[in-house]
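Hi everyone, thanks for making time this morning. Let me put the sequence and the structure up on the screen, and then we can walk through them together.

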Amino acid sequence: MKAAIVKQAGTNPVYESFKEPIAQAENVKIDVTAAALSNLTKMQATGKHYSSKQDFPLVAGNDGVGILDGQRVYFASPTMTYGSLCERTLVNKKLIIPLPEGIDDITAAAIANPGMSSWVALNSRAHFKAGQTVLINGATGSAGSLAVKIAYHLGAKKVIVTGRNADKLSKLAADEMVPFDMTVPNGSEEFTNKLIPYFSNGIDVVLDYLWGDSSLAIMKAVAASDAKNVTRFVSIGAASGQREITLPSAILRSSKIEILGSGLKSASISELLSGIKGFFDWAAKEHITIPTETFDLENIAAAWQAPLTPRAVVKVQ
């Protein structure tokens with residue numbers, strides 16, 4: 001069969017033939033129809049993610065959509081060296097959920113990872129309750145913009161969005177927007193000062209897709225505010241490219257902030273799959289979509305170099 005194969009860590013996948021999977025025990029063979037190229041997919045395949053597999057050569061792709069026994073399904077974490085960017089893959093039957101009517105294969109592949117990210121972060125990690133206030137840091141990307149809609153769907157009283165692009169922030173259907181520019185002198189301090197009044201009024205959950213300077217500025221605002229409530233800061237991604245920050249212990253000792261992570265391992269597989277199923281059911285009913293660009297599997301080189309927005313989706317067959 002044909003597949004997008006990563007031959008060694010740090011290299012991009014190539015379109016070549018790969019060994020045919022054989023169903024066995026708990027692992028079933030799925031005919032893949034579509035798979036998205038998320039940042040997670042790229043980092044895992046090239047060995048840069050904490051959950052990366054190191055058995056090369058391997059097929060790229062950590063999730064996708066396909067056909068199993070005539071039924072359309074979504075699947076996650078293909079077995080061993082098999083990924084989702086191949087004509088057929090091998091998946092544990094416990095990591096498969098049926099796709100609802102009302103959502104096509106390309107859309108399902110595109111929205112699964114970004115939609116699940118905030119759905120799971122809110123429900124499983126932050127233990128979000130209807131009526132609470134949510135701040136989304138990095139809200140202009142695919143995942144962040146979906147997070148705005150998901151927060152309201154789950155009952156958020158107020159949603160505040162932050163990010164580097166004021167024009168894109170203004171187009172989101174949120175209650176408040178707070179843009180920032182970390183490249184100017186005192187940009188981080190200005191961002192913190194803008195946020196202090198919001199935290200004094202009460203922000204229950206922060207969904208952070210960026211990490212880095214903006215995340216630290218948010219934590220400083222929590223500590224400097226007069227907030228009486230607990231703020232759960234949930235780290236979901238590091239889109240800023242800054243993977244480390246210097247966190248003063250005073251922030252933890254002088255505030256009711258709780259810092260959490262949401263992703264593979266911090267959330268259980270059952271929580272992730274339950275979150276994706278709940279998200280899919282809602283997305284199908286509400287016809288939720290995100291901008292996508294579709295590539296054939298044989299054009300994996302071009303797809304791999306495509307920007308994250310619009311979401312690149314590989315049509316396998």
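This is a predicted model: local features need pLDDT of at least 70, side-chain atom pairs count only at pLDDT 80 or more; totals for chains, interfaces and linings use all residues.

How exposed is E87? Its relative accessibility is 22%, so E87 counts as partly exposed. If you wonder where that label comes from, buried means under 20% and exposed means over 50%, with partly exposed in between.

Now look for K29 and E20, whose side chains also meet in a salt bridge, at 3.6 Å from N to O. K29 is partly exposed, with a relative accessible area of 35%, and E20 is partly exposed too, at 34%. In the whole model, the count comes to 9 salt bridges.

One more pair deserves a stop. The side chains of R232 and E258 meet in a salt bridge at 3.2 Å, N to O. This pair links distant parts of the chain, since R232 sits in strand β13 and E258 in strand β14, 26 residues apart. R232 has a relative accessible area of 25% and is partly exposed, and E258, at 32%, is partly exposed as well.

In what order do the strands of the open sheet with 6 strands run? The order is β11-β10-β9-β12-β13-β14, and the pairing is parallel. At the edges are β11, residues 176-179, and β14, residues 257-261, each pairing on one side only. From one strand to the next, the twist averages 20°.

Zoom in on β9, residues 133-137, and β10, residues 158-163: they pair in the parallel sense over 5 bridges. Within that pairing, N137 stands opposite T162 in β10. Helix α2 packs on this sheet, where α2 touches β9, β12, β13 and β14. The direction of α2 makes about 145° with that of β12.

There is also an open sheet of 3 strands, in the order β2-β1-β4, and here the pairing is antiparallel. Its edge strands are β2, residues 14-17, and β4, residues 58-59. Strand β1, residues 2-6, pairs with β2 over 4 bridges, and A3 stands opposite E16 in β2.

At what angle do the axes of α2 and α8 cross? They cross at roughly 115° and come within 8 Å, with α8 covering residues 269-286. The crossing is right-handed. On the α2 side, the residues that meet α8 include I111, M116 and W119, while the α8 side includes L272, F279 and W282. Overall, the residues of this contact divide into 12 nonpolar, 4 polar and 1 charged.

Last stop: is S142 buried or exposed? S142 is buried, because its relative accessible area is 9% and buried means under 20%. Its place is in helix α3, residues 142-153. Leaving aside neighbours within four places in sequence, S142 is in contact with P114, I290, L308, T309 and R311.

Note on methods
Residues are numbered from 1 along each chain as its sequence is written. Side-chain values use heavy atoms; hydrogens and water are left out. Axes are lines fitted to C-alpha atoms, for helices over the stretch in contact, and angles run from 0 to 180 degrees between N-to-C directions. Helices (H or I, at least four residues) and strands (E, at least two) are DSSP runs, numbered from the N terminus. A crossing is left-handed if the near helix is turned anticlockwise from the far one by less than a right angle, and right-handed if clockwise. Contact means heavy atoms within 4.5 Å. Ala, Val, Leu, Ile, Met, Phe, Trp, Tyr, Cys and Pro count as nonpolar, Asp, Glu, Lys and Arg as charged, and the others, Gly among them, as polar. Two strands pair if DSSP finds at least two bridges between them. Buried means under 20% relative accessible area, exposed over 50%, partly exposed in between (1.4 Å probe, protein chains only). A salt bridge is a side-chain nitrogen of Lys or Arg within 4 Å of a carboxyl oxygen of Asp or Glu.
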